[in-house]
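Here is a short tour to read alongside the model. Keep the sequence and the 3D view open as you go.

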Amino acid sequence: MESRKNKILGGLLGAAVGDAMGAATEMRTTALIKQRFGGLVTDFVEHPDDNLSRGTPAGLVTDDFSIAYFTAEEMLERKSRITHEIAEAAMLRWSEHEIYRRFVGPTTNEYLAVLKGEKKPAPLLEMPVQVDRLLCNNTRATNGAGMKSGLMGLFNPCDMDSAIDEAIIQCSGTHNNVISLSAACAVAAATAAAFGENISYLEILEAGIYGAEEGYRRAEKTAQPAAGGNIVKKIRLAVQIGMRHQGDFDKAMGEITDIIGGGIYAYEAIPAVFGHIAACKGRAMESIIMGVNAGDDTDTVACMTGYITGAMHGADVFPIKHLELIDRVNHFDLRQMADDIGSFLNAEKEGAA
Amino acid sequence: MNQYDKVYGCLLAAAIGDAMGCPLETRTVSLIKRDFGNGEFVYDYMIPLPDSIAYDMPRAYVTDDFSCAYLSGKYFAADHGRITRRAAIDALLEWKNSEDTRIFYERYCGPSTRRGLEQLEGKKMDTSRDYLLCNNRTATNGGGMKGWIVGLFDPGNVDKAIDDALVMCQITHYNPIALSGAAAVAAAVAQAMVKGARLDEVLEAGLYGAGEGYRRAQRFAQPSAGASVEKRMDLAIQIGLKYANDFEKCVVEMTDLIVSGLNANESIPCAFGYLAAGGADVMRTIYMAVNSGNDSDTTAIMAGAMAGALRGSSGISSNHVETLKEANPFIDFEGFADEICRVTN
């Protein structure tokens with residue numbers, strides 16, 4: 001496999017591995033993860049019956065990776081870059097798969113209901129007023145954009161600016177607010193930058209900050225305002241914490257969770273990703289495992305970390321059995337998908353020449 | 001400054017923060033300046049705009065926050081200052097159903113309090129998420145928004161204030177993060193009630209309350225994953241002290257990094273940050289909190305309650321009393337302060 005395709009596969013596989021491993025630990029605290037699983041979770045474990053993944057097999061991904069997967073399928077079938085129309089079609093296509101839709105987050109769920117003319121579901125938090133009339137709806141500033149935008153990094157190797165633009169196109173249907181989109185652009189830009197030859201993890205952290213800054217600036221023109229944490233400043237703080245505790249896995253993970261958070265809001269989960277990458281010096285499996293064990297929205301955090309560090313190191317950094325399990329349980333063919341994305345990019349380049 | 005003035009200052013500053021923060025709720029710092037302050041920060045009671053939660057409510061009207069705390073306090077006072085589960089429940093039910101305060105429930109009530117009350121009244125609940133071990137969505141600030149009131153009944157007794165906050169707030173907020181936040185605010189008010197109490201002692205009591213509140217609540221409440229109230233308080237206090245003399249920088253850094261949001265691990269640390277930043281100036285603490293936007297009324301009621309208990313009412317213009325009484329006829333600051341002093345002596 002040529003090197004770029006190998007990096008694309010690395011990003012896909014890293015994201016799928018983080019997501020599927022985190023499905024078992026999602027919602028728990030770190031202490032409760034250790035208690036339930038007898039220590040840190042470092043492999044695919046049986047899904048507990050008291051979280052969202054109950055009754056599903058180990059290795060099954062959640063909404064996080066599966067939305068991106070069906071988006072990529074839609075793009076490849078049409079031989080097209082992302083458009084608003086493709087993003088919408090991909091969401092509908094994804095929503096037909098009940099096994100993944102069960103994990104759906106509140107913001108995406110509301111979007112789907114509107115799209116399909118279904119009854120609106122209960123929002124993230126039940127509020128007494130009709131939230132649609134509010135200038136700022138701060139409960140929509142969630143991480144469901146960042147969880148799928150790594151894909152735009154894989155479609156834009158080394159081109160952060162295009163990755164940022166396309167992440168906004170991909171995510172503005174479901175998460176049209178400045179905080180969610182700024183966060184999505186951080187992940188997309190860092191994933192795009194990860195294709196650089198001999199790129200260091202420090203440069204990837206900078207790319208994330210650039211993506212968050214630029215993403216906010218570009219999204220501001222059309223997206224709804226939202227009050228909440230500042231993605232740029234919180235990434236910086238998370239990175240500082242991660243750097244300070246390099247070499248002490250538990251301490252770094254604990255401090256990032258306690259101060260930055262790792263929850264459903266974009267200004268928690270996305271900064272945590274960069275904190276974990278900083279703490280683990282960009283090592284792929286280690287930073288994914290930190291996300292899996294950090295508690296709260298573990299699958300989303302680990303999925304995003306997987307895009308970035310997987311693209312940085314390429315697919316060979318992951319045990320082959322992980323690819324086999326993900327493909328088998330989910331009926332995916334990630335190698336084929338990586339090959340198709342790479343060929344699409346090659347054809348596009350030839351077309352332009 | 002005697003005990004009465006501390007109680008009175010606490011009640012008054014809490015009400016000011018709630019009523020002033022209310023119309024600014026959900027906005028960002030820059031949208032508050034743009035839409036209310038003509039580019040500047042806001043230092044008065046605004047009229048709610050159509051795109052806000054409080055639209056068509058009168059100016060200087062308090063919200064669910066103060067009304068719920070006030071009514072709870074009335075029930076505790078009637079029970080000779082004892083904080084009991086029964087009194088807390090009765091107060092909540094009266095607050096929800098009585099002519100005077102029903103409007104606050106209907107208009108503002110947050111998600112966890114609503115669910116708690118529906119459960120109390122035996123309403124059929126959505127049980128589809130009951131199989132989940134952790135409920136990370138109810139780690140909200142509705143414990144802190146009312147829990148400060150128990151500090152007035154436990155002057156100088158920080159440990160009892162923590163226990164009392166847990167008794168009062170677990171009815172609606174049955175998780176260690178929300179209860180940690182409630183205990184922090186209650187502990188800080190209890191410490192602030194001590195004659196000659198210093199700011200650093202109050203901040204320390206708050207940190208102790210957050211840590212102890214979490215540990216004690218962990219023994220009985222449903223677990224919840226999320227950031228630590230205590231560690232974020234520590235960072236918020238650092239930010240507050242660092243930018244104490246730079247109003248704008250303080251508010252921006254606080255909201256960007258700590259967030260004045262609905263979660264207990266957001267607005268409660270913010271309130272402590274502004275308490276630290278305001279120093280001896282109660283109104284400065286309140287102004288910073290209301291201009292934070294997002295959950296500005298809840299951030300400001302907690303910050304105001306702590307600052308008012310520490311500094312008394314001397315720094316607060318009497319205009320506020322008139323404005324608030326006129327807008328909210330159910331509040332009797334002097335009578336209630338008297339009552340609290342009587343039952344705690």
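## Around A:Ala189

Leaving out residues up to four places away in sequence, A:Ala189 touches A:Gly153, A:Met160, A:Ala163, A:Ile164, A:Ala207, A:Gly208, A:Tyr210 and A:Gly211. Two residues are in contact here when their C-beta atoms, placed from the backbone, lie within 7 Å. This is a predicted model, in which local features need pLDDT of at least 70 and side-chain atom pairs count only at pLDDT 80 or more, while totals for chains, interfaces and linings use all residues. Residues are numbered from 1 along each chain as its sequence is written, and chains are lettered from A and ligands numbered from 1 in the order in which they are written.

A:Ala189 is also among the residues with the most contacts inside the largest nonpolar core, together with A:Ile231, B:Ala186, B:Val189, B:Ile286 and B:Met306. That core has 243 residues. A nonpolar core is a set of buried Ala, Val, Leu, Ile, Met, Phe, Trp, Tyr and Cys residues joined through C-beta atoms within 7 Å. A residue is buried if 20 or more other C-beta atoms lie within 10 Å of its own, exposed if 12 or fewer, and partly exposed in between.

## Chain A as a whole

Chain A has 17 helices and 0 strands (DSSP runs numbered from the N terminus, with at least four residues of H or I for a helix and at least two of E for a strand). Its radius of gyration is 18 Å, close to the 20 Å that the globule rule gives for 353 residues, so chain A is as compact as a globular protein of that length. The radius is taken over C-alpha atoms, and the rule is 2.2 Å times the number of residues to the power 0.38.

Of the 353 residues of chain A, 61% are buried. Helix H7 (residues 146–154) of chain A is mostly covered, with 9 of its 9 residues buried.

## The annotated binding site

Which residues does UniProt list under "binding site"? The unreviewed entry gives A:Thr62, A:Asp63, A:Asp64, A:Asp297, A:Asp299 and A:Thr300. They span 239 residues in sequence, yet no two of their C-alpha atoms are more than 12.3 Å apart, so they gather at one spot. UniProt positions follow the numbering used here, feature names are shortened, and annotations may be inferred rather than shown by experiment.

A:Thr62 sits in the loop between helix H2 (30–37) and helix H3 (63–78) of chain A, and counts as buried with 26 C-beta neighbours inside 10 Å. A:Asp299 belongs to helix H15 (residues 298–313) of chain A and is buried too, with 29 other C-beta atoms within 10 Å.

## Two loop residues with positive phi

A:Asn198 has a positive phi of about 55° although it is not a glycine. A:Asn198 lies in the loop between helix H9 (178–193) and helix H10 (201–219) of chain A, and is exposed, with 5 C-beta neighbours inside 10 Å.

A:His331 also has a positive phi of about 55°, and is found in the loop between helix H16 (320–330) and helix H17 (334–352) of chain A. A:His331 is exposed, with 6 other C-beta atoms within 10 Å.

## Where the chains meet

On the chain B side, 34 residues are in contact with 35 residues of chain A. Helices H5 (102–108), H6 (111–120), H12 (229–242) and H13 (247–257) of chain B each give two or more residues to that side.
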